[in-house]
Amino acid sequence: MNTIRFDFRSDTVTRPSSGMRTAMADAEVGDDVFGDDPTVRLLEQRMAAMLGKDAALFVPSGTQSNLLALMSHCGRGDEYIAGQQAHLYSHEAGGAAVLGSIQPQPIAHQADGTLALADIEAAIKPDDSHYARTRVIALENTFGGRALPMGYMRDVAEIARRHGLGLHLDGARAFNACTALGVGIAEFTAPFDTVSICLSKGLGAPVGSVLTGRQDLIDMARRHRKMLGGGMRQSGILAAAGLYALDHNIARLVEDHRRAKRLAEGLSAYPAIRLDMPDTNIIFVDMDPDVGERFMAFLNEQGVGITGTYGQQRWVTHLDVDDAAVDGALAVVESFFA
Ligand SMILES: *Cc1c(COP(=O)(O)O)cnc(C)c1O
């Protein structure tokens, strides 16, 4: 990779701002495994209150947060239902199966990213010794950059309730979803027993996710976090970045979404590039693989960072790409097609 001038690879590439670094340096800390770190406690209390949940747990990553949630809902030999392309099923190294002895029951997504309600119902196992016990349904929102509607999440919650199942939300980018849907975070997360949110994506913190939910589940998750090696000590340094992110980097997500739209409009001017207008900050682009291969090599050479294979690419806007970066990247794209 050449030096990246315009970095659209992911919203995880953001670097902590000087304000955030100051907040980290000034954080009051203690030993969080002893429950002594006031800044971690503040972050956990604040997230629980924002989401209207009993409790919250600060964890190193979204992957660990999802795993803790599944391990808290399920025991050995139990089962979770999730989408075939759900991050927690397909992109977390099979952790629930490997470390939790929890069996996945993946379901194909519909074209709009949702899971069909009938498919979910059909996947729930009857109480029979032949089957793993279905314990929890896990949804993801945003999913592939799309904000899935509230009505869908409530419908799935109704199924979960009717069958006595738990409901987990992988809301790595939940604030992006809320921004796109125009709903508050508490309303958005109300249907769920547990919710995982990343601080290290669009919110700009260097590290960390927060799992929120029902008290008994979060208590269990705290035990599992220790077991998995996620008990941290003076982690108030990191939690301070999260608190700063909550204060400064939620309201501005609309800017990322606006820039993604502008970028998508610019890209869609070229017939070789096929895309849907983004709901949030992520654009997926389809190209013929031979053109795509040359296109990606050119972008790389010119210092425009994106991810993907030759046929499909992903562009992500975030805190560290401004309007000039969007213009700069579009100028590179123009010079490729010229
Ligand atoms: C990034 C992501 C995660 C995992 O977060 P990490 O902090 O990278 O482990 C989980 N779910 C979704 C939907 C994500 O985008």
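Ala93 is exposed, because its relative accessible area is 75%; the cut-offs are under 20% for buried, over 50% for exposed and partly exposed in between, with a 1.4 Å probe and protein chains only. Ala93 sits in the loop between α4 (87-90) and α5 (95-100). The element names come from DSSP runs, numbered from the N terminus: helices are H or I of at least four residues, strands are E of at least two. Ala93 is not a glycine, yet its phi is positive, about 60°.

Before going on, the ground rules. This is a predicted model, in which local features need pLDDT of at least 70 and side-chain atom pairs count only at pLDDT 80 or more, while totals for chains, interfaces and linings use all residues. Residues are numbered from 1 along each chain as its sequence is written, and side-chain values use heavy atoms, with hydrogens and water left out.

Back to the backbone. Most residues other than glycine have a negative phi, and most peptide bonds are trans. Ser101 is another non-glycine with a positive phi, about 55°. Ser101 is in the loop between α5 and β4 (103-107), and is partly exposed, with a relative accessible area of 32%. Then there is a cis peptide bond between Asn141 and Thr142, with omega about 5°. Thr142 belongs to the loop between β5 (133-140) and α7 (150-162).

Next, the sheet. In what order do the four strands of the open sheet run? The order is β9-β10-β13-β12, with antiparallel pairing; two strands pair if DSSP finds at least two bridges between them. At the edges are β9 (274-275) and β12 (307-308), each with a single partner strand, so one side of each has no neighbour in the sheet. β12 and β13 run antiparallel and are joined by two bridges. Gly308 is opposite Gln313 in β13. Across β12 and β13 lies helix α13 (residues 289-301), which runs at about 35° to β13. That angle is taken between N-to-C directions, from 0 to 180 degrees, with axes as lines fitted to C-alpha atoms, for helices over the stretch in contact; contact means heavy atoms within 4.5 Å.

Rolling a probe the size of a water molecule over the atoms shows where empty space is left. The largest pocket has a volume of about 520 Å³. For the method: on a 1 Å grid over the protein atoms alone, a pocket is an open set of points where a 1.4 Å probe fits, with protein on both sides within 12 Å along at least five of seven lines, and lining residues have an atom within 4 Å of a point. Points are joined across faces, edges and corners, and the volume is the space filled by probe spheres set on them. Of the 21 lining residues, His87, His91, Gly144, Phe284 and Arg314 are the closest to the centre of the largest pocket. Two or more lining residues each come from α4, β10 (282-286), β12 and β13. Which element gives the most to this lining? β13 does, with three residues.

Now the aromatics. The structure holds six aromatic pairs, meaning rings of Phe, Tyr and Trp (its six-membered ring) with centres within 6.5 Å; planes under 30 degrees apart are stacked, over 60 edge-to-face, and the rest tilted. The ring centres of Phe8 and Trp315 are 5.5 Å apart and their planes stand at 55°, so this pair is tilted. Phe8 is in the loop between β1 (6-7) and α1 (18-25) and Trp315 is in strand β13 (residues 312-316), so the pair ties together parts 307 residues apart in sequence. Phe8 and Trp315 are both buried. Phe336 and Phe337 make an edge-to-face pair, because their ring centres are 5.0 Å apart and their planes are at 85°. Phe336 is buried at 17% relative accessibility, whereas Phe337 is partly exposed at 28%. Tyr270, Phe295, Phe298, Phe336 and Phe337 form one aromatic cluster.

Last, two alanines. Ala27 lies in the loop between α1 and α2 (38-51) and counts as buried at 17% relative accessibility. Leaving aside residues up to four places away in sequence, Ala27 touches Thr39, Gly236, Ile237 and Ala240. Ala27 and Ala241 are 214 residues apart in sequence and 9.0 Å apart in space, C-alpha to C-alpha. Ala251, in the loop between α11 (236-248) and α12 (253-267), counts as exposed at 67%.
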